[in-house]
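I opened a structure that is new to me and kept notes on what I looked up. The entries follow in the order I made them.

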Amino acid sequence: YDFNIKGELRHLDTNESFVFNYYKNAHEQNHKRYQVLGHLITQYVYELLERVCMLQKVYIPTDATEDEPRSFFFMSENALTSSSSLIVLLQDRGVFRAGQWGQRMIVSEGLEHGTQIPFIKMALQSHRGVIVLNPNDNFVDLKTEKERSSFSTREESLTSTQSVWWIPKRGSRSPEEHTMYVWDHFISRSAAKNVAFIAHGYGGLVFVDLLVRRKWAVMNRVYSVAFIDSMHNTQHQTRSDPQIQEWIQKYCREWVSNSKPLDKAVGSLMKVDCPTVSAGTEKYNLAPSCCLHAIFKYLKSTLKAK
């Protein structure tokens with residue numbers, strides 16, 4: 001399999017899209033095959049972030065010893081030194097890593113829909129700095145490090161051997177910790193006075209966690225947040241802090257997968273926190289790519305207003 005000129009994953013001989021049930025009635029074998037593909041896609045997207053988007057890979061924690069497991073994230077060249085605004089991309093939780101909105105989406109719909117690359121390109125074109133977080137890179141799996149060829153199955157990794165094989169990465173033990181580490185050591189120290197977040201799914205919950213823990217710093221620097229099908233819960237997470245709730249109402253907007261046309265208001269009984277509009281699709285995984293232009297239009301107008 002390889003990506004064609006349109007960024008779609010196709011079989012080199014048959015030109016067909018990826019076949020999940022390759023082995024008949026062998027779920028585990030098919031799952032392992034998909035895991036291997038996922039690993040290769042991760043490496044390929046990392047490569048595109050550096051080669052095509054010209055982003056730099058930054059290892060954390062910054063004070064790691066030589067043999068300590070490290071995580072990393074990506075940022076544009078002048079992200080910390082330029083005074084132009086900064087856009088931070090925060091993905092959903094899952095097996096996928098930095099630069100991806102969703103792995104299945106990349107496999108079925110291609111790089112345009114499944115990766116964050118169109119967002120990165122658009123941000124760079126409008127002369128903004130970009131930081132691409134890597135919130136799901138939390139552990140080193142010693143099994144796969146030692147024997148790349150035999151990927152451990154998901155069932156195995158959930159048994160009691162987990163503690164033996166999985167080494168947490170300091171500063172990135174969870175999406176919340178990773179995001180706070182990059183905020184404390186990079187974003188908060190950047191020259192950019194205006195920071196915006198684009199957060200998908202669980203990423204929205206992670207952003208609100210950061211907002212609660214670094215309240216004044218975040219409220220002073222972040223001019224806008226675009227949530228996409230966010231899993232945050234304002235009342236529960238903010239413990240009904242009126243200042244934070246007011247801030248969320250004023251500076252955030254959420255796009256949700258819905259049957260209504262793009263950007264049409266969607267009333268939600270569940271959340272009374274920020275204006276909610278349709279993402280222009282009913283498919284959760286397609287939502288980010290569908291509201292790309294709407295989000296940048298929104299960020300542009302909120303920056304102007306500021």
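Predicted model: local features only at pLDDT ≥ 70, side-chain atom pairs only at ≥ 80, totals over all residues.

Helix pair. I noted the crossing of α4 and α14 as right-handed. On the α4 side, I listed Pro 118, Phe 119, Met 122 and Ala 123 as making the contact. On the α14 side, I listed Leu 292, His 293, Ile 295 and Phe 296. Sorted by type, the residues of this contact are 7 nonpolar and 1 polar, with no charged residue.

Cysteines. I then asked how many disulfides a search of the whole structure finds. The count is 0. I checked Cys 290, and its closest cysteine sulfur is in Cys 291, 7.1 Å away. A disulfide needs the two sulfur atoms within 2.5 Å, so I put this pair down as too far for a bond. Cys 291 is in no disulfide either, with the sulfur of Cys 290 as its nearest. I also looked up accessibility for the two residues. Cys 290 is partly exposed, at a relative accessible area of 29%, whereas Cys 291 is buried, at 0%.

A loop serine. Where is Ser 190? I found Ser 190 in the loop between α8 (175-185) and β9 (195-200). Ser 190 is buried, with a relative accessible area of 6%. Its side chain reaches the backbone oxygen of Ile 187 at 2.9 Å. Leaving aside neighbours within four places in sequence, I noted contacts of Ser 190 with Ala 79, Leu 80, Leu 86 and Arg 221.

Terms used
Residues numbered from 1 in each chain as written. Heavy atoms only, no water. Left-handed = near helix turned anticlockwise from the far one by under 90°. Helix = DSSP H or I, 4+ residues; strand = E, 2+ residues; numbered from the N terminus. Contact = heavy atoms within 4.5 Å. Nonpolar A, V, L, I, M, F, W, Y, C, P; charged D, E, K, R; others polar. Buried < 20%, exposed > 50% of the residue type's maximum accessible area, 1.4 Å probe, protein only. Polar contact = N/O pair within 3.5 Å; in protein donor to acceptor, adjacent residues only side chain to side chain.
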